[in-house]
Amino acid sequence: MGKASVGKKATRAGGTRDHTVPQMYLRHFAEHQARRRYELRVRRLDEPDRAFLAAPTAIGAERGFYWGTTIEGVPHHACEELFTSLEGNAETVLKMILDDKDWALTPQWPLAPEQRGALTWWMAAQILRTTRQRKRLSHTQPTESPELPDDIARIATNNPHLAYIVENIAALALVLRNRPWGLGFSDMCLLTSDVPVVVWNRPDADDQILAVAQSDVMLPLDPHRLLFLPSPAQQLADPRKRTDHFLHIEGAVGMALVEVAYDVADQFVVHHPRHDPWLHWKPNSPRQPRPWAGEEHSAPQYAIEYPVFPPDRNIARRWTIEHPPPRTAAS
């Protein structure tokens, strides 16, 4: 790279639109309108009853969010480059899980070790990279930037968060990889948010690795499917949950999943335009408190009970896009 190119790149440092939620992930909740055209229904948390349509490219983007600086004060975009690499590997696995032509729950379960590894690293990144994590870290570990030129100081403030990601991602991926995984189907339409991987009851714990090791962990995959990693307590109560398994979330239990995902979101939630949780559910909890925003109320606590789905049974793929007709009094 010539000197002119280096200089041009430096002037652009911090000016990129960095997506804090992967676009490839959001597309699984979007309606495919045309070639390379997808639409999501978005609800911002300051006005959740007002939904609007947006493309995955138009939401979850913050200018210069993953830019950092070296010790010498040189701008770099290394974290964004890492995320891009992880997303490419994970996208192949997600398509395999979700695109079986016959079944909602892929028969290729459990995942092969290399597939599990790709998804594990990607999930670890989604836990660590969020705007909620940055706000938590800034609140608990305030730092002052050294004397730097204005254009560098603006992006140097990202460094504590980027350092936190680099220091924790490998250990967090290992914890996730060694947990039993449940692949589930929910009768209730699901949503996701700018906090895609939900750590139940401990979303803002100082030790995120310990929190993930001890908690139920949930990742909505599309409007009706999810990954669910049962906590050690659940595994102790039900030996079938100590290995990878299927689960079917029926009725009102699915509403609880929506509630938990909604409660940990930072700025917005999204769902498929034709799979709208608001048709059957409305927010009814105080959400997880945000101390950085002055919220000090008690955090809601969650518990879930679900049976392991028999391994010799499955759910037809059609129910990932169709909804059963409403029951009448006679049915």
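Predicted model: local features only at pLDDT ≥ 70, side-chain atom pairs only at ≥ 80, totals over all residues.
Local features need pLDDT of at least 70, side-chain atom pairs count only at pLDDT 80 or more, and totals for chains, interfaces and linings use all residues. Numbering runs from 1 along each chain as its sequence is written, and side-chain values use heavy atoms, without hydrogens and water.

Student: At what angle do the axes of H3 and H4 cross?
Tutor: Helices here are DSSP runs (H or I, at least four residues), numbered from the N terminus. Axes are lines fitted to C-alpha atoms over the stretch in contact, and angles run from 0 to 180 degrees between N-to-C directions. The axes of H3 (residues 78-98) and H4 (residues 113-128) come within 8 Å and cross at roughly 125°.

Student: Why are H3 and H4 called oblique?
Tutor: Angles under 35 degrees count as roughly parallel, over 145 as roughly antiparallel, and 65 to 115 as roughly perpendicular. The rest count as oblique. The H3 and H4 axes cross at roughly 125°, so the pair is oblique.

Student: Which residues of H4 meet H3?
Tutor: Contact means heavy atoms within 4.5 Å. From H3, the residues include Phe 83, Leu 86 and Ile 97. On the H4 side they are Gln 115, Ala 118, Leu 119, Trp 121, Trp 122 and Ala 125.

Student: Which element gives the most to the lining of the second largest pocket?
Tutor: Of the 20 lining residues, the closest to the centre are Arg 27, His 28, Ala 30, Asp 99 and Arg 317. Strand S2 (31-34; strands are E runs of at least two) and H3 each give two or more residues. With three residues, the top contributor is H3.

Terms used. 1 Å grid on protein atoms, 1.4 Å probe; cavity = no way out; pocket = protein on both sides within 12 Å on 5 of 7 lines; lining within 4 Å.
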